Amino acid sequence: MHPRDLLLGPQSGQRLLPLCDHYSGVPARMRKSLALQAEYSQRHGRCVFDVTLDCEDGAPVGGEAEHAALVNELLQGLDWAAAVPPRVGVRVHAVDHPAFEADVQTIVGQAGARLAYLMLPKVEGLADLQRAVQAVDAVGGAALPLHVLIESPQALHQAFELAAHGRVESISFGLMDFVSAHGGAIPVSAMGVQGQFSHPLVRRAKLEIASACHAHGKVPAHCVVTEIHDLPALRQAAHKAAHEFGYRRMWSIHPQQIEPILQAFAPPADEVELATAIILAAVQADWAPISHHGHLHDRASYRYHWQVLERAQQTGAALDAALARFFVPAPGGSRP
């Protein structure tokens, strides 16, 4: 039996996604992002970050149809027969936007089978989600995973219900819209690196989303860092998101943010080394309890250390050759 099935259960539903979600909406940057993903995939032998092509913020007002057609053209032009196929999602307009239905028809209707997921912005609750599901399914996208962006107090109130929905794979936190939705009650400083981790309402939102996702085996995705060129601040935010707030994925809005996010979300080398020793010893013991350096380990700790190895592999880290049979190349999904 595969360690993931043994330790987490074959029906656990817990998803494994690349740890970085890179957003781009301007045509030249979309092309650059897709080329960069292919370069990283060739280097690491797996897809280590997703690319989300953005219709919501990327499309000029009045040019929504043309932008959706361009996104579809870019999707059609990718090398889907590559050794590591692309992983590309699309953020469409919100369900109450006039362009939503056309976005879904153009992109999901023509390229849905190639999409890794569809990002739904400004979802206020289950009614919005169900409306999106119906529109996506109507054009043949019934198998398409959905990612949800929580951007308001009302949406946050339904975080657990949204995470429980069978089509939802990941929930992201929309920091800037969430702050502005409070009508000035949260200061603008909370949109920055320092304020977003210290303001009580923003901290609560981050923790609520992470908790909801972990309760239902979904992937919590952390928000953007708008200080694009402040890489130390980005590293600090990514480390806090991963190691203090329980996030398993983070948005990037500039190519130079990708590598620091991957590094911050990767487990430390000494933790990977320890996890490797414990899991290999557990295999030798047929998963019975063991003693390692004077500490008892059983399936509870095996589960933790196995997940350390999964996260390491998601960043493209080279694992011990003895673990190779457990990690087959894959672009993403429930099995590494």
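Mentor: In this predicted model, a residue is called buried when its relative accessible area is under 20%, exposed when that area is over 50%, and partly exposed in between. With those words settled, we can begin with helix α12, residues 255-265, where Gln257, Ile258, Pro260, Ile261, Leu262, Ala264 and Phe265 are buried.

Trainee: Against what do the buried residues of α12 pack?

Mentor: They pack against several elements, among them β1 (20-24), α2 (27-44), α11 (231-243) and α14 (299-314).

Trainee: What makes alanine 264 buried?

Mentor: Alanine 264, which lies in helix α12, has a relative accessible area of 10%, and because the word buried applies under 20%, alanine 264 is called buried. Leaving aside neighbours within four places in sequence, alanine 264 is in contact with Arg235, Ala238, His239, Ala242 and His243.

Trainee: How do you know whether aspartate 286 is buried or exposed?

Mentor: Aspartate 286, in the loop between α13 (269-284) and β9 (290-292), has a relative accessible area of 63%, and since exposed means over 50%, aspartate 286 counts as exposed. The phi of aspartate 286 is near 55 degrees, a positive value in a residue other than glycine. Most residues other than glycine have a negative phi.

Trainee: What makes histidine 293 exposed?

Mentor: The relative accessible area of histidine 293 is 71%, and the word exposed is used over 50%, so histidine 293 is exposed. Histidine 293 lies in the loop between β9 and β10 (295-297), and its phi, too, is near 55 degrees, a positive value.

Trainee: Why is the pair of arginine 249 and aspartate 50 called a salt bridge?

Mentor: The closest N and O atoms of arginine 249 and aspartate 50 are 2.9 Å apart, and the rule asks for a side-chain nitrogen of Lys or Arg within 4 Å of a carboxyl oxygen of Asp or Glu, so the pair is a salt bridge. Arginine 249 lies in strand β8 and aspartate 50 in strand β2, so the pair ties together parts that are 199 residues apart in sequence. Arginine 249 is buried, with a relative accessible area of 0%, and aspartate 50 is buried with 0% as well.

Trainee: How do you know that glutamate 244 forms a salt bridge with lysine 240?

Mentor: Here the closest N and O atoms are 3.7 Å apart, which is within the 4 Å of the rule, and the pair is therefore a salt bridge. Glutamate 244, at 49% relative accessible area, is partly exposed, because exposed would need over 50%; lysine 240, at 23%, also counts as partly exposed.

Trainee: What makes the link between arginine 46 and glutamine 313 a polar contact?

Mentor: Their side chains are joined at 3.2 Å, and a polar contact requires N or O atoms within 3.5 Å, one able to donate a hydrogen and the other to accept it, so the link is called a polar contact. Arginine 46 is found in the loop between α2 and β2, and at 7% relative accessibility it counts as buried.

Technical notes: Residues are numbered from 1 along each chain as its sequence is written. This is a predicted model: local features need pLDDT of at least 70, side-chain atom pairs count only at pLDDT 80 or more; totals for chains, interfaces and linings use all residues. Side-chain values use heavy atoms; hydrogens and water are left out. Buried means under 20% relative accessible area, exposed over 50%, partly exposed in between (1.4 Å probe, protein chains only). Helices (H or I, at least four residues) and strands (E, at least two) are DSSP runs, numbered from the N terminus. Contact means heavy atoms within 4.5 Å.
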